[in-house]
Amino acid sequence: DVLFELRERIPKEDALWLTGLDNALANMFLRQSRWRLALGSYDRILELIPAATKQYVQFKYAGAENVEQLEECLVEAHRCEILSRQGRTLLQVGALPQVASAFEAAAEAWN
């Protein structure tokens with residue numbers, strides 16, 4: 001409940017903090033076997049990845065060359081990780097068709 005309240009207080013423009021908080025929520029939900037809530041957190045993370053990655057790259061690599069390429073690579077790596085985590089969560093539920101879709105999407109993001 002505290003994390004949900006905290007999430008509501010963070011401005012929508014602060015995608016980096018929101019992804020971190022949603023990641024913490026997803027981990028908490030997984031430990032509690034609350035699969036749908038964990039999957040909802042993963043969906044929110046997937047929506048926030050482009051903006052969060054942009055914020056991270058701008059903060060960490062402000063003057064670097066090839067910033068756009070770095071950003072693209074990081075977005076795809078993060079997408080792949082979250083899609084894989086979704087697939088593993090769906091596997092625990094036994095939703096095999098959705099598992100296949102999640103892992104296929106993760107493989108496409110990686111390639």
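Modeller: Let's start with Asp-22 and Arg-44, whose side chains meet in a salt bridge with an N to O distance of 3.1 Å. A salt bridge here is a side-chain nitrogen of Lys or Arg within 4 Å of a carboxyl oxygen of Asp or Glu. Asp-22 sits in helix α2 and Arg-44 in helix α3, so the pair ties together parts that are 22 residues apart in sequence. Helices are DSSP runs of H or I with at least four residues, strands are E runs of at least two, and both are numbered from the N terminus.

Buried means under 20% relative accessible area, exposed means over 50%, and partly exposed lies in between, using a 1.4 Å probe and protein chains only.

Before we go on, a word on the source: this is a predicted model, in which local features need pLDDT of at least 70 and side-chain atom pairs count only at pLDDT 80 or more, while totals for chains, interfaces and linings use all residues. Residues are numbered from 1 along each chain as its sequence is written, and side-chain values use heavy atoms, leaving out hydrogens and water. pLDDT is the predictor's confidence in each residue, from 0 to 100. Its mean over the protein is 89, with α3 highest at a mean of 94 and α1 lowest at 79.

Several α3 residues are buried, including Leu-39, Tyr-42, Leu-48, Thr-53 and Val-57. The buried residues of α3 pack against α1 (2-9), α2 (15-31) and α4.

Thr-89, in α4, is buried at 2% relative accessibility. Setting aside residues up to four places away in sequence, Thr-89 touches Leu-30, Trp-35, Leu-39 and Tyr-42, where contact means heavy atoms within 4.5 Å. Glu-71, also placed in α4, is in contact with Thr-53, Lys-54 and Val-57, leaving aside neighbours within four places in sequence.

Glu-71 brings us back to charge. Lys and Arg count as positive, Asp and Glu as negative, and His and the chain ends are not counted. Glu-71 is buried yet has no salt bridge; Lys-54 is the nearest side chain of opposite charge, 4.1 Å away. The count comes to two salt bridges. Besides the pair we began with, Arg-79 bridges to Glu-76, their closest N and O atoms being 3.3 Å apart. These two are three residues apart in helix α4, about one helical turn.

Finally, look at Tyr-56 and Tyr-61. The whole structure holds one aromatic pair. The ring centres of Tyr-56 and Tyr-61 are 6.3 Å apart and their planes lie at 75°, so the pair is edge-to-face. Rings of Phe, Tyr and Trp (its six-membered ring) pair if their centres lie within 6.5 Å; planes under 30 degrees apart count as stacked, over 60 as edge-to-face and the rest as tilted. Tyr-56 is partly exposed at 32%, and Tyr-61 is partly exposed at 34%.
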